[in-house]
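Open the model in your viewer and keep the sequence panel beside it. This tour goes selection by selection.

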Amino acid sequence: MIINFNVTLLGLRDQLLNDVVGYEKPDLEATRKALIVQTSSNKAEQRELEDTLLSELVKDTGDLPLVDNEPLIAVLENAKSKSDSINTQLIEAEATNIDIEANRDNYKPVAKRGAVLFFALTGLSAISEMYEYSLDAYKTVFLNALETSKKDNVLTARLRFISDKLTQLV
């Protein structure tokens, strides 16, 4: 059974961007992934708090006024405290994410070049079936270019070396 996945230029660029940043700056990529997990967890916890609050508000309290409903007040205070903490974490995460994305943007030219070269390769299959390449095979070539290209402390030079090596390997 053949599964056809439609790969888009931007989607592939983003995948290759993850690969190049993961190779060149593994700590940055690890931080980005942890931030995604933390943000998702915080948003889920926030939804649970909202659900708990709604559930408590809907409960039948009989003739008891809201201001005298001590269990409800305790839930409200707890939810407020947790919500404030979560909101602070989400704001900090957004600021950190902005810094991470600014650093990742430096590597976009290499990722874009890689995506364009992949689509150039896949276009060759119109000439002959012999030129069909899988995305997995191409990503192996891409990672090979990262590993074998000349190292340099100057980012622009390093990116040029990666692009040149990738072009050569393709």
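**Stop 1: Asn87**

Select Asn87. With a relative accessible area of 31%, Asn87 is partly exposed; buried means under 20%, exposed over 50%, and partly exposed in between, using a 1.4 Å probe and protein chains only. Asn87 belongs to helix H3. Helices here are DSSP runs of H or I of at least four residues, numbered from the N terminus.

Before moving on, note the ground rules. This is a predicted model, in which local features need pLDDT of at least 70 and side-chain atom pairs count only at pLDDT 80 or more, while totals for chains, interfaces and linings use all residues. Residues are numbered from 1 along each chain as its sequence is written, and side-chain values use heavy atoms, leaving out hydrogens and water.

**Stop 2: the H2–H3 pair**

Select residues 26-58 and 70-105. These are helices H2 and H3, which pack at an angle of about 155° with their axes 9 Å apart. The axes are lines fitted to C-alpha atoms over the stretch in contact, and angles run from 0 to 180 degrees between N-to-C directions. H2 and H3 are therefore roughly antiparallel, a label for angles over 145 degrees. The contact of H2 with H3 holds 13 nonpolar, twelve polar and eight charged residues. Here Ala, Val, Leu, Ile, Met, Phe, Trp, Tyr, Cys and Pro count as nonpolar, Asp, Glu, Lys and Arg as charged, and the others, Gly among them, as polar.

**Stop 3: Ile100**

Stay on helix H3 and pick Ile100. Is Ile100 buried or exposed? Its relative accessibility is 3%, so Ile100 counts as buried. Show its neighbours: Ile100 touches Leu28, Thr31, Arg32 and Leu35, leaving aside residues up to four places away in sequence. Contact means heavy atoms within 4.5 Å. Leu28 is 72 residues from Ile100 along the chain, yet their C-alpha atoms are separated by 6.9 Å.

**Stop 4: Glu29**

Glu29 is buried, at 4% relative accessible area. Beyond four places in sequence, Glu29 touches Asn18, Val21, Gly22 and Arg104.

**Stop 5: helix H6**

Finish with residues 155-169. Helix H6 has 15 residues, which should span 21 Å at 1.5 Å a residue; the end C-alpha atoms are 21 Å apart, which agrees. The expected span is 1.5 Å times one less than the number of residues. Colour the buried residues of H6, among them Phe161, Ile162 and Leu166. Their cover includes helices H1 (9-24), H4 (108-123) and H5 (135-148).

Note on methods:
Helix = DSSP H or I, 4+ residues; strand = E, 2+ residues; numbered from the N terminus. Parallel < 35°, antiparallel > 145°, perpendicular 65-115°, else oblique.
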